[in-house]
Amino acid sequence: MARTMLPAPEPSGPQGIVELVGQHTALHPSSWGQLRGACPFCGSTAFVVRPAHGTFHCFRCGEGGDGSAFASKIGATG
């Protein structure tokens, strides 16, 4: 069976997600290696960035995903 190579996604690893989200909200260290801040989508303080996983999530409005998803969503609201 032939395999199709897909282009690699934009880097959304530990530093990528922190730098990207950090341009839109101040992040502060929390527990288990996570960072917390105000959600740039709803303003809630229930916003978490997980650098080790390259993801973000707001426990109030439900927005979440990786660096590419954040860039897409912030571009749509900004």
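Colleague: Leaving aside its neighbours within four places in sequence, with which residues is Gln-34 in contact?

Modeller: This is a predicted model, in which local features need pLDDT of at least 70 and side-chain atom pairs count only at pLDDT 80 or more, while totals for chains, interfaces and linings use all residues. Residues are numbered from 1 along each chain as its sequence is written, and side-chain values use heavy atoms, with hydrogens and water left out. Gln-34 lies in the loop between β1 (27-29) and β2, where helices (H or I, at least four residues) and strands (E, at least two) are DSSP runs numbered from the N terminus. With contact meaning heavy atoms within 4.5 Å, the partners of Gln-34 are His-28, Pro-29, Val-48, Val-49, Arg-50 and Pro-51.

Colleague: Is Gln-34 buried or exposed?

Modeller: Buried means under 20% relative accessible area, exposed over 50%, and partly exposed in between (1.4 Å probe, protein chains only). The relative accessible area of Gln-34 is 17%, so Gln-34 is buried.

Colleague: Which residue in β4 stands opposite Val-48?

Modeller: Two strands pair if DSSP finds at least two bridges between them. β2 and β3 run antiparallel and are joined by 3 bridges, with Val-48 as the bridge partner of Arg-36. β3 also pairs with β4 in the antiparallel sense, over 4 bridges. There, the residue opposite Val-48 is His-57.

Colleague: Which residue in the turn of the hairpin formed by β3 and β4 has a positive phi?

Modeller: The hairpin has 4 residues between β3 and β4. In its turn, a positive phi of about 70° belongs to Gly-54.

Colleague: How many aromatic pairs does a search of the whole structure find?

Modeller: Rings of Phe, Tyr and Trp (its six-membered ring) pair if their centres lie within 6.5 Å; planes under 30 degrees apart count as stacked, over 60 as edge-to-face and the rest as tilted. Ring pairs link Phe-41, Phe-47, Phe-56 and Phe-70 into a cluster. Over the whole structure, the number of aromatic pairs found is 4.

Colleague: How far apart in sequence are the parts tied together by Phe-41 and Phe-70?

Modeller: The ring centres of Phe-41 and Phe-70 are 5.6 Å apart with planes at 65°, so this pair is edge-to-face. Phe-41 lies in the loop between β2 (35-37) and β3 (47-50), and Phe-70 in helix α2 (residues 67-77), so the parts tied together are separated in sequence by 29 residues.

Colleague: What is the relative accessible area of Phe-70?

Modeller: Phe-70 also forms an edge-to-face pair with Phe-56, at 5.2 Å centre to centre and 85° between the planes. Phe-56 is buried, and so is Phe-70. For Phe-70, the relative accessible area is 0%.
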